[in-house]
Amino acid sequence: MSRSRRVQSCRVFSVTRSLLVGIVVVLFQPISAIACELNHAEITEDKGIFRFQFTTIIDAPAEYVRQVLTDFTHIYRLSSSIIESEVLPSRQSDETKIRTKVLACASVFCREVERVDIVRILDSGDLQADIVPELSEFRSGQAIWKITAMDDRSKVVYEATLEPDFFIPPVVGISMISNSLKSEFITTFDR
């Protein structure tokens, strides 16, 4: 698929990648230094609520994966679909509030989508992101990043729910969203 055609077929839910892509952004290593293998990808939809589960093995240590994922100041580097990002003041020291504006597209449907997440590092070292509905174009949403060390590699399990608060045209079905996200997930982790 040509680059221009790929750009034209933006992903409807690339907004979920605002955190997902973070694992693979290689800030200090050559692009070819990290590779991944997608072991599992599942996306379902029920009554407007999307559920995502991705499992991958990344050729990078778990601590490095956590470091890149929590580089909130540079979240704009996470995806070419992120138009704006900023770290907002947070009430608690153990959480980070992040605002992103993402260009979400599928087929001919495109929309700028705003999202604010509260991100916490759990005692296990895993990450949890909760959408702040009153500051977002989502009714609800939560993501959990389970990062497991495997010597110099990492197993990453991403599980999320997302309930958009904007219209998605009926022609943009679950299969289009699923295929787009799977493709984007692989591309992102190969970065």
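Select helix H3, residues 62–69. Helices (H or I, at least four residues) and strands (E, at least two) are DSSP runs, numbered from the N terminus. Arg-66 and Glu-63 both sit in helix H3, three residues apart, about one turn of the helix. Show their side chains: they meet in a salt bridge at 3.0 Å, N to O. A salt bridge here is a side-chain nitrogen of Lys or Arg within 4 Å of a carboxyl oxygen of Asp or Glu. Arg-66 is buried at 14% relative accessible area, while Glu-63 is exposed at 57%. Buried means under 20% relative accessible area, exposed over 50%, partly exposed in between (1.4 Å probe, protein chains only).

A word on the source: this is a predicted model, where local features need pLDDT of at least 70, side-chain atom pairs count only at pLDDT 80 or more, and totals for chains, interfaces and linings use all residues. Residues are numbered from 1 along each chain as its sequence is written, and side-chain values use heavy atoms, with hydrogens and water left out.

Next, select Glu-86 and Arg-99. Their closest N and O atoms are 2.8 Å apart, a salt bridge. Glu-86 lies in strand E3 (residues 82–88) and Arg-99 in strand E4, so the pair ties together parts 13 residues apart in sequence. Glu-86 is partly exposed at 34%; Arg-99 is buried at 13%.

Move to Glu-112 and Lys-101. Their side chains form a salt bridge at 3.9 Å, N to O. Glu-112 belongs to strand E5 (residues 109–121) and Lys-101 to strand E4, so this pair links parts eleven residues apart in sequence. Glu-112 is partly exposed at 45%, and Lys-101 is buried at 18%.

Now select Glu-84, Glu-86, Arg-99, Lys-101, Glu-112 and Glu-114 together: salt bridges that share partners join them into one network.

Leaving out residues up to four places away in sequence, Lys-97 touches several residues, including Glu-86, Val-116, Asp-117 and Leu-135. Contact means heavy atoms within 4.5 Å.

Finally, zoom out. The protein has four helices and eight strands. Buried residues make up 49% of its 191 residues. The salt-bridge count comes to 14.
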